[in-house]
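Visitor: I have a protein model to look at and some questions about it. Please show it first.

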Amino acid sequence: MALPVPQWRNCAARRWAALDPALRERLAAASLHDAVRLGCHMLRAEEEKATLVRLCRRLRTGKEPAAAGFYREQGNREFGRCQYWVAVRLYSKAASHEPPGSPEVSICFANRSAALFHLGHFEVCLEDIARAESHGYPDRLQAKLLLRKAECLLCLGRLQDAADAFSVVESRICMDGLMTSPTHQTLLKKLSQLKVKIHEKERCPEPAQEACGDMQGKAEIWEENDSISGASSSLSLNFDTERGRHLVASQDIVPGQRLLKEEAFVSVLCPGESLLLQDSETAWDTRVTNADLYCHHCLRQVLASVPCRECSYAKYCSQDCADMAWEQYHRIECSLGALLLTLGVFCHVALRTVLLAGFAEVNRLVKWSHSGDKDPHNPTAGCKCLSESPDTGVGTRGIPGCSDTGQYQSSYQAVFHLLPHTERHSPEHKFLCMLSVVAICKHLQEAGLHTAVLNQESSEWSSKPKTSEKSSHELSTELKTVAEAMLRHVLQLQCNAQAITVMQELGPRDGAVVNKKPVRLATAFFPVLSLLNHSCCPNTSVSFSGTAATVRASQPIPKGQEIFHCYGPHQCRMSVAERQHLLSQYFFECRCQVCLGELESDVKSVVAMRNSFCCPSCRAPMREHWRRSNGGAEEDLLCCSDEACATSVSRENLSHRLRDLQQEIKKALDLLRDRKTDQAIKILLKCQMDAENFLSPEHLLMGEMEDHLAQVYATLGKWHEAARHLKKSIEIVEMHHGPSSEEIGHELFKLAQILFNGFAVSEALSTIQRAEEILSMHCGPQSAQIQELQEMKTCLSELPKTILQRT
């Protein structure tokens, strides 16, 4: 959730409405500096602060042994049902709730290692075994854990290490002195069986696999820009009053060419809504969210997370990431987890931004913003000059955010110069943001965290709260500066926040065909990426890997043409009216060529026509027709476009049918997740028949149903049927998004998997080639999907020629 939870928004709205009109007017016109100073006196302990305390209590961000026990028991139950992926997630939740030094945390890591072993993730299993050992795993269970370690080493082909581990297991069993117990007899029997396997592998070693150069993707030719960090030399940075800062092609650019690769200056994981428990004080949520699946520091997907020692919320892919996060920001954020979740991701990004920048740099730029001369490049300004004087003949000098050498870098200075549009936000919204950042800063002061924020202590600073000598009613001068910078960043995020998205797997991970959908993973500041202006038909495509964004050309871009990025409302997904409405949040009216063309034309939007209703009688397209009912009120009717039919139906009636259809599809997908495929097929086929009676054949939902049917048949191993349905889905996706779109690339990837598993070699190879061409252009030649496509192609190409000829 970008903004604070609804209860806090409502509280701020009531507070705003109760203010004296003169004070409201004063706040509406106040600068960021004045707004913060006024706001310090408006956060009332008896009302607003009490509301925040109540809301924060509903969040589970501390260590709770009872929760750990609950999750561990749930994990054991799922493990017993052979639901190993579910068990891994539950054991991770259990580990995150165990207090520091608790012996039970070793049990969580050991249990998780068992689930990982069954899933074949032997390297990660070994890491969890090491964690269990380092956290004091009970001596009475050591033999079983060490045997699992030996099995992992054997599976990884590390024969000598496996032999050494087996010797340790034998010694351990002998030391226990319980050789006759059933458990130890079972271990010894398994040990002898594994010893035989070692000898067999030593006699008949597996042939070494030759590395395939193509598997890693060809290295991309890249020449970095001298003036723009992370950008290609084929771009130049321009500035004018109409378009602001923007990037232009300085030479002809071909599709797929990498134009920009930038690490986020700051990013914050979007946690997922299920962390907020509405009414329960004793139950714990077992649903999996982004907070369970991705590292909170580097954003990479996590198999076995490393929990923060102090809170239950932050989880990492490794101890290295946990240590870096703690050093850079989490030592301050850790005890604020519930408050930051309550106040939303934008406030969290704003706080982390100033923590990463450091107080000295924050203070310097805030002071500059107070200077009377608002030209940041004027050397006579009231603080250190941020750049040279404007000089249109000297590269990028004079463009806001550039360094004193004329370079535009992914720096705090560049972030600070992103436009906050202070004058365009509503007064109520600015008041909400101001109250929120002041609440965070007051909490920092009251908890004794302000000295760490101001970098006045060493990295060995303790996480335990300290009592502040400063009155809780008045922020220190330094924290007022921090609050002002945070308020600026929260307002900037309205127009400059970049969603980091990933393709997330749907359903069980053990299927032959992996179904994925794009999800918002995190919110970030990318100062260089923010230079790209919007177009509803952009000439670039953006992909993400961890905290890095990569921009590629999605079509030929001639020299002199501006580089455009889509902020969300794409021409393929929305009508021009919908796009214009959505873009109002960015405080501009889109004047891209696509919008101008559609606004000037009387032709109905292609998107609207494709996602329209059809006549229930003759299936011709329906068109709008308003008529006045007997009561005098207007009724929204849709009439058949075929005059010979003249059927008319209430729009509300058809919309109701559409909602019912979507509910039935959801029911079918739930059955599919529970592996009740026969019931899922029946519901989906019935939905398809119903939809044909009132939806356009090109409606996106028609394509989605074909896609779901393909998924069901693939689950059953009926590859021919699965391919037939998926091809119909691809036809509809291509109508909406175009033959070279990223959406088509992902659909072709699924089709390639189905054809590969169905042994349709010739068709699979041609599909792989087309999918490679499209996905390489959008995601790059080294993306995970490209690697998998190349592996499939290599496997099929190595089949005997006699088999290839038959297929």
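Visitor: How far apart do the end C-alpha atoms of residues 651-678 lie?

Guide: This is a predicted model, where local features need pLDDT of at least 70, side-chain atom pairs count only at pLDDT 80 or more, and totals for chains, interfaces and linings use all residues. Residues are numbered from 1 along each chain as its sequence is written, and side-chain values use heavy atoms, with hydrogens and water left out. UniProt lists residues 651-678 as "coiled-coil region" in an unreviewed entry; such annotations may be inferred rather than shown by experiment. The span is 89% helix and 0% strand (helices are DSSP runs of H or I, at least four residues; strands are runs of E, at least two), and its end C-alpha atoms lie 34 Å apart.

Visitor: Which loop holds R675?

Guide: R675 is not a glycine, yet its phi is positive, about 65°. Its relative accessible area of 48% makes R675 partly exposed, a class between buried (under 20%) and exposed (over 50%), with a 1.4 Å probe and protein chains only. R675 sits in the loop between helix 24 (651-673) and helix 25 (677-692).

Visitor: What is the relative accessible area of F759?

Guide: F759 is placed in the loop between helix 28 (742-757) and helix 29 (761-779). Its phi is positive, near 65°, in a residue other than glycine. F759 is partly exposed, and its relative accessible area is 42%.

Visitor: What percentage of the residues of the protein chain count as buried?

Guide: The protein chain has 31 helices and 15 strands. Of its 807 residues, the part that counts as buried is 52%.
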